[in-house]
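Here is a friendly walk through one protein model. Have the viewer ready and follow along.

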Amino acid sequence: MDILSNLMMGLHIAVQPFNVFVAFVGVVLGVIVGVLPGLGGANGCAILIPVTFVMPPVAAVILLSSLYWGALYGGCICSILFNIPGEPWAVATTFDGYPMAQKGGAGRALSAAFFAHGVGALFGTILLTFFAPIIAAFALMFGPPETFGVMLLTFSAFVGLVGKSPLKTVVATAIGFILAAVGIDTISGELRLTFGLVPLMGGFNFIVAVIGLFGLGEIFLTVEEGLKLEGVKVKMKWSDITSVLWDMLKYKKEVLMGAIVGCWMGFKPGGATPASFMAYGFAKAGAKADEVGEYGKGHVAGIFAPEAAAHGAGTSALLPMLTLGIPGSPTAAVILGGLMIWGLQPGPMLFKDKPDFVWGLIGSTWVANLIGLFVVLAFAPLFAAVLRISFSILMPLLIFICAIGAYAVNNRMIDIWYMILFGIIGWAFKKLDYNMAPMLLALVLGDMAEATLRQSLIMSQGSLWIFVQPPIALPLVLAAGVIAFWPAISALKARLTGGGEPAH
Amino acid sequence: MLTKKADIITALILMLFGLIVAYDAIDKGIGWGAEGPRAGFFPFVMALLVIGGTAMVIGQAIKGTSSLKGAKRFVEAGGMKPIMIVIIPAVLMILLTEVIGLYLAAIIYLVGYIKWAGNHSWRTSLLIGILVPLVSYVVFDKFFLIPMPMGLYGAQILRF
């Protein structure tokens with residue numbers, strides 16, 4: 001088997017002492033940023049990118065991806081112990097995790113979440129290992145119109161499926177593309193959107209935008225809401241771990257279903273949050289009659305399902321990033337941006353040109369998730385202690401670290417000012433339902449999207465028909481159209497069948 | 001300010017942004033040139049999406065069909081003060097960075113913030129406020145060789 005020998009090569013790269021060390025550091029940092037409110041995987045990766053300049057690309061991507069896995073593991077600590085979801089996909093875990101922790105089962109709730117993450121990670125990694133090469137081989141047939149079709153599909157998924165206001169998602173996406181276009185046009189070499197201002201000529205860096213929008217914006221929201229961290233104390237006992245393993249056998253249906261839902265939703269953009277809610281809903285709907293009442297009061301399956309889904313979705317978000325060059329989550333978008341900075345061209349050619357890089361990453365996904373499981377099981381109380389540090393100490397430290405990250409990208413002072421500006425924009429956008437994930441994606445993919453669009457038009461000498469050519473571009477564009485207008489279509493369907501209220 | 005008003009004002013600002021982008025795009029050429037679609041083509045299409053989208057957002061806000069609870073206050077009473085307590089010292093730190101560099105500015109910022117905004121003891125404030133920038137200096141400047149801004153005078157003061 002070709003895939004297995006490649007996987008062995010990847011594992012061989014991943015278990016080299018230096019790479020294991022890097023993965024361990026990444027996981028620990030990831031758990032910390034996952035636990036902290038206001039920081040997440042996307043931010044952690046953005047701040048670390050300058051550090052990766054001094055590393056070989058394989059170690060660099062292992063560091064960032066391990067941080068991503070750590071952040072996924074860490075996110076549930078905050079929601080279970082403090083009832084504060086650190087990430088949107090951790091909301092479903094608070095339903096049962098926090099009540100269980102309050103009733104003295106904090107250690108059990110955490111172990112349940114960690115093992116569910118482990119299963120989700122296993123499924124996601126299997127998917128990544130065995131499907132990535134197939135999809136990449138298929139994607140090799142893509143020309144500019146097809147690549148553009150995939151991007152259209154990605155952004156229409158955000159418009160139609162994620163977020164409260166489809167209209168505002170369109171606006172936010174367009175703003176992301178505009179910000180990406182500032183500076184030198186990569187095709188004609190012309191300066192545009194600079195209005196003669198020198199600081200604008202360098203363009204906007206997506207890392208600065210991530211740190212501002214997702215880091216400072218979150219911090220502003222947190223202080224506005226007057227964060228009160230009153231958590232449950234936790235001690236992990238062996239009996240917690242063994243009892244959870246028995247529970248897992250008992251509720252294996254919920255765990256497996258969560259992991260599969262997560263993987264299925266995960267490779268679509270923004271899929272982790274709906275996946276965790278769907279998994280929770282399915283688990284509750286499929287519960288035995290005498291157990292339904294237990295949900296919401298601290299039922300262990302109510303932790304298993306959404307957490308397995310969240311990690312499965314997070315892992316499979318790497319699948320489109322590696323194979324098509326289209327990230328499925330904000331953190332994957334930052335890692336993709338890192339790839340470009342290290343001089344690698346993301347997309348299917350990566351599998352041919354840099355097999356050691358691709359398979360090193362896939363191999364380290366196996367290794368780092370395993371390390372992550374042991375780290376969180378062993379040190380969960382220690383990580384929870386980070387949250388007991390007073391927020392008036394944490395907050396200025398976070399701002400200082402964010403400033404370092406923003407400056408280090410390009411060694412430009414103006415970037416620190418942009419960071420503050422993006423922070424205020426992020427705060428206002430979040431409050432007004434503008435979706436920032438597609439905005440970030442547009443900022444990262446801007447040059448590529450524009451290039452594929454313009455190359456396609458050059459190929460067709462200006463005719464838009466090239467985007468609706470069979471066999472690949474046509475179904476992609478059709479699917480994009482259906483998904484983007486899905487809210488309108490489902491409203492129309494409801495009206496025609498008379499089966500309920502129209503959508504507004 | 002009500003959320004509805006904030007929604008409309010934000011949309012108007014974004015619309016203005018879209019108009020400026022469209023203006024520059026037309027200036028750079030949105031048609032067909034020797035190199036295919038010209039440099040302004042893609043920004044122009046995006047600007048049209050922003051202008052059209054924000055116009056519809058404003059329409060929704062006025063009709064009350066937006067996803068937001070328009071009658072709620074945009075910032076709850078007393079919500080603005082804590083944000084200002086975060087933003088103003090941060091802006092001051094960046095201004096100070098322009099003069100004495102990030103590390104020295106951060107020491108002043110951290111010690112000051114933890115002491116006065118956080119009401120912690122002098123010992124805690126000084127310990128964290130000095131130790132963290134010092135460690136970052138060693139890690140970034142010395143170990144990873146990533147220079148941080150030194151401002152106008154920072155390099156003269158920090159001589160090790």
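## A buried threonine, and some ground rules

Let's start with a helix: Thr173(A) sits in α7 of chain A, which covers residues 166-181. Helices here are DSSP runs of H or I with at least four residues, strands are runs of E with at least two, and both are numbered from the N terminus. Is Thr173(A) buried or exposed? Thr173(A) counts as buried, because it has 28 C-beta neighbours inside 10 Å. The cut-offs work like this: 20 or more other C-beta atoms within 10 Å of a residue's own means buried, 12 or fewer means exposed, and anything in between is partly exposed, with C-beta atoms placed from the backbone.

Before going on, keep in mind that this is a predicted model, where local features need pLDDT of at least 70, side-chain atom pairs count only at pLDDT 80 or more, and totals for chains, interfaces and linings use all residues. Residues are numbered from 1 along each chain as its sequence is written, while chains are lettered from A and ligands numbered from 1 in the order in which they are written.

Leaving out residues up to four places away in sequence, Thr173(A) touches Phe155(A), Phe158(A), Pro438(A), Met439(A) and Ala442(A). Two residues are in contact if their C-beta atoms, placed from the backbone, lie within 7 Å. Pro396(A) is 223 residues from Thr173(A) in sequence, and the two C-alpha atoms are 31 Å apart in space.

## Two leucines with positive phi

Leu193(A) isn't a glycine, but its phi is positive, near 55°. You'll find Leu193(A) in the loop between β2 (191-192) and α8 (198-201) of chain A. Leu193(A) counts as buried because it has 25 C-beta neighbours inside 10 Å.

Now hop over to chain B. Leu145(B) also has a positive phi, about 55°, without being a glycine. Leu145(B) is in the loop between α5 and α6 (154-157) of chain B. With 9 other C-beta atoms within 10 Å, Leu145(B) is exposed.

Back in chain A, Leu67(A) belongs to helix α4. Leu67(A) has 32 C-beta neighbours inside 10 Å, so it counts as buried. Beyond four places along the sequence, Leu67(A) touches Gly26(A), Leu29(A), Gly30(A), Gly41(A), Gly44(A), Cys45(A) and Leu48(A). Gly40(A) is 27 residues away along the chain, and its C-alpha atom is 9.6 Å from that of Leu67(A).

How does α4(A) pack with α5(A)? Helix α4 (residues 57-82) and helix α5 (residues 91-139) of chain A meet at an angle of about 165°, with 9 Å between their axes. Axes are lines fitted to C-alpha atoms, for helices over the stretch in contact, and angles run from 0 to 180 degrees between N-to-C directions. The two helices are therefore roughly antiparallel; under 35 degrees counts as roughly parallel, over 145 as roughly antiparallel, 65 to 115 as roughly perpendicular and the rest as oblique. The residues of this contact divide into 15 nonpolar, five polar and no charged. Nonpolar covers Ala, Val, Leu, Ile, Met, Phe, Trp, Tyr, Cys and Pro, charged covers Asp, Glu, Lys and Arg, and the others, Gly among them, are polar.

Helices α11 (residues 252-266) and α13 (residues 301-316) of chain A cross at roughly 30°, and their axes come within 7 Å. That makes α11(A) roughly parallel to α13(A). Their contact residues are 14 nonpolar, eight polar and one charged.

For α9 (residues 206-224) and α19 (residues 414-431) of chain A, the axes come within 7 Å and cross at roughly 55°. These two helices are therefore oblique to each other. Among the residues making the contact are Phe214(A) of α9(A) and Trp427(A) of α19(A). This contact has 15 nonpolar, four polar and two charged residues.

## Where the chains meet

How many residues of chain B are in contact with chain A? There are 56 of them, in contact with 54 residues of chain A. The largest share of chain B's side, 10 residues, comes from α2(B). That side divides into 38 nonpolar, 12 polar and six charged residues.
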